[in-house]
Amino acid sequence: MVVPVPVLDHRKLWPSGVLSRADVLGLLDGAHRLQQAGRRAGSGTPLAGKHLAVLGQAEPILLGKAAAALGARVSHLKPAGPPQDTARLLGRLYDAVDCGPASAAELRDIDADAGVPVYNGLAAAAHPSAALAVLLALQERRALAGRPLDGLRLRIRGDALSPPASALAALAALAGVQPCHDGPADADATPDPADDVPWRLTLAGEDTAPVSAEPRHYTLQALLLMTLG
């Protein structure tokens, strides 16, 4: 199979980073191709030999499964001190580090010392990966109806200023999805209290359903491959 290539700067995934329309469309395309391959015969092991360190977080099951399915090893570490103090060592031992939610300054310091891609909680509910999973789910359901994602009218319910809602609104706009505040919408997205399934979707004429773990799995894989592969 053709897998996404590492063409995305991992720093664009930080809170201070800025993804472009080409980045978002590339990630959605990569996640879609991984999803189709996974449903047929698996995506192979393009990350075989890579080793990802996850620091100081409750075990991120989704991230571990996504990385392992691509052949990578994942180690869950409990740092003895601040990540900044061990960044150089981590960079020598691992190919990438997920240090969990951190400030922009902390990420810059760790990234500079580690010399390998540093992520800030890839599987966190507020991370762009969750918003990308919503868009991937919407894209597939629109495709089944013979309609593109571009031009879809999406209403985001709940606190529009929350990090998950802000991330979804920003990435949806880049993907060509139109915001809908009044009147009928093609789809509604509502935050879900469960951290591992952060969104629920309602499409016209359909029942409300949570975004399953599958689109999140493949968006995480696309993020890993395009920043680390």
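Predicted model: local features only at pLDDT ≥ 70, side-chain atom pairs only at ≥ 80, totals over all residues.

Biologist: Let us begin with the sheets. Which order do the strands take in the open sheet of five strands?

Modeller: The order is E6-E5-E7-E8-E9, and the pairing is mixed. Strand E6 (178-179) and E9 are at the edges with a single partner strand each, so one side of each has no neighbour in the sheet. Helix H5 (residues 128-144) packs on this sheet and touches strand E5 (153-156), E7 and E8. The direction of H5 makes about 25 degrees with that of E8. Helix H6 (residues 163-174) packs on the sheet too, touching E5, E7 and E8, and its direction makes about 170 degrees with that of E5.

Biologist: And what is the strand order in the open sheet of four strands?

Modeller: There the order is E2-E1-E3-E4, with parallel pairing. E2 and strand E4 (118-119) are the edge strands, each pairing on one side only. Between E1 and E2, which run parallel, there are five bridges. As an example of residues facing each other, Leu 55 stands opposite Leu 77 in E2.

Biologist: Now a single strand, please. Which residues of strand E8 lie on its covered face, and which on its uncovered face?

Modeller: The general idea comes first: in a regular strand, side chains alternate between the two faces of the sheet. In strand E8 (residues 199-203), Trp 199, Leu 201 and Leu 203 form the covered face, while Arg 200 and Thr 202 form the uncovered one.

Biologist: How many bridges link E8 to strand E7, and how many to strand E9?

Modeller: Strand E7 (residues 187-191) pairs with E8 in the antiparallel sense over five bridges, and Pro 191 stands opposite Trp 199 in E8. Strand E9 (residues 209-210) is joined to E8 by two bridges, and these strands also run antiparallel. In E9, Pro 210 is the bridge partner of Arg 200, and Ala 209 is the bridge partner of Leu 201. The hairpin of E8 and E9 has five residues between the strands, and Gly 205 there takes a positive phi near 80 degrees.

Biologist: Next, the inside. Which residues touch the most other members of the largest nonpolar core?

Modeller: As a general idea, nonpolar side chains tend to be buried together in soluble globular proteins. Here the largest nonpolar core has 52 residues, and Leu 135 and Leu 138 touch the most other members. Among the elements that give two or more residues to this core are helix H1 (21-40), strand E1 (51-55) and helix H7 (213-227). H5 provides the largest share, eight residues. Leaving aside residues up to four places away in sequence, Leu 138 touches Leu 149, Leu 152, Leu 154, Ala 187, Leu 201 and Leu 203. A second, separate core of 13 residues includes Ala 53, Leu 90, Tyr 94 and Cys 99.

Biologist: What about empty space? What volumes do the largest cavity and the largest pocket have?

Modeller: Rolling a probe the size of a water molecule over the atoms shows where empty space is left. The largest cavity holds about 50 Å³ of space. Ten residues line this cavity, and the closest to its centre are Ala 133, Pro 198, Val 211, Ser 212 and Arg 216. H5 gives the most to the cavity lining, with three residues. The largest pocket has a volume of about 410 Å³. Of the 21 residues lining this pocket, Trp 14, Pro 15, Ala 126, Pro 128 and Ala 167 lie nearest its centre. H6 supplies the largest share of the pocket lining, six residues.

Biologist: Let us finish with a helix. Which residues of H2 are buried, and what do they pack against?

Modeller: Leu 62, Leu 63, Gly 64, Ala 66 and Ala 67 are buried in H2. The buried residues of H2 pack against E1, strand E2 (73-77), strand E3 (96-98) and H7. After H2 comes Gly 71, with a positive phi near 100 degrees.

Biologist: Why does Ala 69 count as partly exposed?

Modeller: Ala 69 lies in helix H2. Its relative accessibility is 35%, and partly exposed covers values between the buried limit of 20% and the exposed limit of 50%. The C-alpha atoms of Ala 69 and Thr 45 are separated by 7.0 Å, although these residues are 24 residues apart along the chain.

Note on methods:
Residues numbered from 1 in each chain as written. Heavy atoms only, no water. Buried < 20%, exposed > 50% of the residue type's maximum accessible area, 1.4 Å probe, protein only. Pairing = 2+ DSSP bridges. Contact = heavy atoms within 4.5 Å. Axes fitted to C-alpha atoms, helices over the stretch in contact; angles between N-to-C directions. Core = buried A, V, L, I, M, F, W, Y, C linked by side-chain atoms within 4.5 Å. 1 Å grid on protein atoms, 1.4 Å probe; cavity = no way out; pocket = protein on both sides within 12 Å on 5 of 7 lines; lining within 4 Å. Points joined across faces, edges and corners; volume = space filled by probe spheres on them.
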